[in-house]
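Here are a few friendly notes to read alongside the structure.

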Amino acid sequence: MKHPLRLTACLLLAACFLPFVSHGEEKYELKYGAQRTEKRDDEAMRRFRDHRVGAFIHWGLYSMAGGEWKGKIYPGAAEWLKAWAKVPSDEWLAQMDRWNPTGFDAREWARMMKAAGFRYVKITTKHHEGFCLWPSATTPYTVANTPCGRDLLGELVKAFNDEGLDVHFYFSVMDWSNPDYRTQLNCREDSTAFERFKRFTEAQLRELATRYPSVKDFWFDGTWDASVKGNGAWTLQLENMLKDLVPGVTVNSRLRADERGSRHFDSNGRLMGDYESGYERRLPDPVRDLQVTLRDWEACMTVPENQWGYHKDWSLSYVKPPVEVLRRVVHAVSMGGNMAVNFGPDGTGRFRQEEKELADWLGNWMRHNGEAIYGCGYAGFEKADWGYYTRKGDTVYMIVFNQPFGARLRVKTPAGTAVRGASLIDGTPVGFMETARDEYNVNTVESSEPYVIRLTVDAGSAEGKYRDALT
Ligand code: FHN
């Protein structure tokens with residue numbers, strides 16, 4: 001038997017070192033973890049969620065080089081060219097002398113994005129390179145000190161808003177142009193420099209929030225270094241500052257770290273920020289990862305394999321055809337998420353032909369079928385091999401990507417849910433029949449592209465049951 005004193009000492013030690021156990025489920029008592037236990041559900045959040053599909057735009061000095069430095073093409077992500085080609089910061093930033101996007105017309109961009117069916121646009125205000133698309137007073141590395149001299153971000157915000165599109169700001173905390181940035185804080189000098197960097201970042205964000213108060217979302221990036229992860233309190237302070245300055249603004253999960261260094265989700269497994277933003281160039285599995293349907297999230301995707309900024313040679317990787325881009329948008333919505341599709345205009349401010357064609361194709365599809373996307377979410381139906389379901393109340397949309405060999409689409413309803421009607425988006429009825437308990441066959445439709453069948457289901461929504469099973 002153990003000596004009782006030793007046992008007491010062990011228990012005391014354990015009490016000191018083991019995580020604090022509080023309010024039943026929570027393992028750790030956290031000051032800088034998640035700020036709420038439920039989904040955020042105010043009007044601004046619902047607006048963000050209901051939009052479902054947005055564009056991402058990466059535009060900066062890297063858009064001029066297009067993946068090529070001193071005659072050599074680098075196949076990696078074009079916006080990382082400075083790193084691939086090991087270009088010193090002063091040499092990289094000297095490109096500002098050539099920044100003069102003569103083909104740029106903010107209204108044209110806005111019309112294109114609107115026509116493509118996007119409801120919001122995420123713009124890189126500052127990517128890792130540190131060049132600001134707005135005339136910031138915090139640094140010389142801005143549009144103000146280029147031959148262009150205009151506030152390009154301001155022009156974009158106005159043009160998008162004029163078209164009725166919400167603007168979201170991408171902001172990289174990691175900044176290669178600022179000598180105070182540190183990846184790690186190894187000594188006092190590092191900490192002092194990083195404190196200066198924190199003030200600089202705050203000032204930039206304060207400028208963005210006050211100069212462009214119609215901004216609806218801040219999407220943070222470049223927050224993976226130990227220096228940022230070790231400053232959880234600061235990341236929460238930034239989020240709170242933005243929310244004070246811009247009522248209703250949403251903030252992605254990528255900004256935050258708790259005091260134990262956990263990112264996105266705190267050490268108790270709770271989401272930080274307003275929505276999860278970890279799905280980058282990947283999507284949750286529709287069978288295994290149903291947990292995601294319980295929270296808000298937004299995925300983002302590139303059209304080539306991994307190019308966000310403009311790269312002059314798209315032949316270096318597989319390029320997704322429009323139908324595949326659409327499939328990913330639908331996949332995200334079917335699991336209760338949003339999707340941001342990336343565009344990378346070149347240094348003159350023009351979109352490449354492939355991107356214009358993609359925007360046209362998506363716009364055409366969304367004009368006819370957008371009802372199955374906007375304001376829709378997870379349907380609670382079992383995954384089908386012909387495509388995806390989305391749902392709005394008692395209307396369930398079948399979005400058919402793979403025509404089956406037989407002329408029937410099998411629909412397995414959640415227990416107790418009955419299908420009352422089936423039609424095309426234009427109202428044309430579609431034949432269907434009950435084939436077994438909680439199972440129907442719906443007729444296929446001749447179509448050369450993905451099509452939508454609208455099902456009316458009874459009010460005995462199974463969504464709740466699915467949710468109960470998941471939680
Ligand atoms: O490094 C960046 C990358 O260039 C791009 O901006 C993407 C967009 O989600 N985010 C970072 C990688 O996670």
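1. Before anything else, please keep in mind that this is a predicted model. The residues that make the contact on the α8 side are Lys 198, Arg 199, Thr 201, Glu 202, Leu 205, Arg 206, Ala 209 and Thr 210. On the α10 side they are Trp 234, Gln 237, Leu 238, Met 241, Leu 242 and Leu 245. Sorted by class, this contact has 7 nonpolar, 3 polar and 4 charged residues.

2. How are the two helices oriented? Helix α8 covers residues 188-211 and helix α10 covers residues 232-245; they pack at an angle of about 20 degrees, and their axes are 10 Å apart. Angles under 35 degrees count as roughly parallel, and α8 and α10 are therefore roughly parallel to each other.

3. Next, the sheet of 4 strands. This open sheet has the order β10-β11-β16-β13, and its pairing is antiparallel. Which strands are at its edges? They are β10 (387-392) and β13 (419-424), each of which pairs on one side only. On average, neighbouring strands here are turned by 25 degrees against each other, with direction ignored.

4. Gly 421 stands opposite Thr 456 in β16.

5. Helix α11 (residues 322-334) lies across β10 and β11 (395-400), and runs at about 50 degrees to β10.

6. Now for the other sheet, which is open and has 3 strands in the order β12-β15-β14, again with antiparallel pairing. Why is one side of β12 and of β14 left without a neighbour in the sheet? Both β12 (408-412) and β14 (432-436) stand at the edges with a single partner strand each, so one side of each has no neighbour in the sheet.

7. A last pair to look up is β14 with strand β15 (residues 439-443), which pair in the antiparallel sense over 4 bridges. Which residue in β15 is the bridge partner of Glu 434? That partner is Tyr 440.

Methods:
Residues numbered from 1 in each chain as written. Predicted model: local features only at pLDDT ≥ 70, side-chain atom pairs only at ≥ 80, totals over all residues. Heavy atoms only, no water. Axes fitted to C-alpha atoms, helices over the stretch in contact; angles between N-to-C directions. Parallel < 35°, antiparallel > 145°, perpendicular 65-115°, else oblique. Contact = heavy atoms within 4.5 Å. Nonpolar A, V, L, I, M, F, W, Y, C, P; charged D, E, K, R; others polar. Pairing = 2+ DSSP bridges.
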